[in-house]
Amino acid sequence: MTQPPADAGVRRAVAPVICYPNDTLPRPDLALFAAAREGAHKVAEVVVPPREAACFHASAGQFFRITSVEGPQVGDLNLWNANDLSERFYSGKTRALHGTHVTTGEQLWSSFPHLRPMATIVQDTLDWYGIDEFGGSVHDVIGTRCDPYTGNLLGGVQYHHCCHSNLTRALADELGMPLAEAEGHVHDVLNVFMCTGFTRDTGQYFMKASPVRPGDYLEFFAEIDLLGALSACPGGDCSAEHTSDAAVCHPLLVELFQPKSGVLEDWQSPARNGYDGSHGR
Ligand SMILES: [Zn+2]
């Protein structure tokens, strides 16, 4: 271990600054979305079976709601531009802009060069949770998704119902694509309902039993035409383990809602990012 310098205490005492102050971030019109949601009617639903994933489509201007049914269950969400799979959810930049966990009013941002909101969170029945005494909170963008490679690395196992594999199979089936091609489109997720944080002493990623109960939901406004895939994580409520069939798992419900016609006539999907793409040449 390196000997600390004489001014170590002074260096550590420097106050942090926020990397991306978000006071210049374009904000969604939540009042407009609330008005649009008022008379919206349900147009479709998808039930995601335990330890499986399922796809759904949400057109720009529709709402989609993910609900816990039957018992506490965590979901791993992927989103793509339905017309261009190369534009997909970017959890790292969403984290940099909004923080480690997301809730009402915050947005899920897309990958470069698009970098625009794909979906806005309009309702979160777990918004009361806040940040607990362990530094844990709900709906994280810090985890990646449980996957069979890490399971094999750490445990030498061949397990096929990790969220990564569930999402891969669901996308392959939805688009009639070979598994290997679909796998390349699967990306880091929004961990819906998952309660996570980093330990203060070792900085390790932790999970704990989700506070979600049947009836709790997270609802989004689709900012662009979306293809979504949701996996009901084999970790169940993620109180103990994942990457096995040991945890008790439950289904998740995805419902789609269509606003009344006309309510959003002055609203438009966000434009792609304004950077000119020249990279200085
Ligand atoms: Zn998982």
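**Entry 1: a strand pair**
I began with strand β3 (residues 63-68) and strand β13 (residues 252-258), which pair in the antiparallel sense over 6 bridges. Strands here are DSSP runs of E, at least two residues long, and helices are runs of H or I of at least four, numbered from the N terminus. Two strands count as paired if DSSP finds at least two bridges between them. I noted that Ile-66 has Val-254 as its bridge partner in β13.

**Entry 2: the basis of the model**
I recorded that this is a predicted model, in which local features need pLDDT of at least 70 and side-chain atom pairs count only at pLDDT 80 or more, while totals for chains, interfaces and linings use all residues. Residues are numbered from 1 along each chain as its sequence is written.

**Entry 3: the sheet**
I looked up the strand order of the open sheet, whose 6 strands run β1-β13-β3-β11-β7-β6 with antiparallel pairing. The edges are β1 (41-48) and β6 (107-109); each has a single partner strand, so one side of each is left without a neighbour in the sheet. From one strand to the next the twist averages 25°. Helix α2 (residues 30-38) packs on the sheet and touches β3, β7 (117-124) and β11 (217-222), its direction making about 70° with that of β7. Such angles run from 0 to 180 degrees between N-to-C directions, with axes fitted to C-alpha atoms, for helices over the stretch in contact.

**Entry 4: the core**
Which residues touch the most other members of the largest nonpolar core? I found Leu-226 and Leu-230, in a core of 61 residues. Such a core is a set of buried Ala, Val, Leu, Ile, Met, Phe, Trp, Tyr and Cys residues joined through C-beta atoms within 7 Å. A residue is buried if 20 or more other C-beta atoms lie within 10 Å of its own, with C-beta atoms placed from the backbone. Beyond its neighbours within four places in sequence, Leu-230 has contacts including Ile-66 and Val-254; contact requires C-beta atoms, placed from the backbone, within 7 Å.

**Entry 5: helix α3**
I then examined helix α3 (residues 91-98), where Ser-91, Thr-94 and His-98 are buried. They lie on the same side of α3, because they cover an arc of only 60° around the axis, taken from the directions from the helix axis to the C-beta atoms. The buried residues of α3 pack against β6 and β9 (190-198).

Terms used: Buried ≥ 20, exposed ≤ 12 C-beta atoms within 10 Å, placed from the backbone. Contact = placed C-beta atoms within 7 Å.
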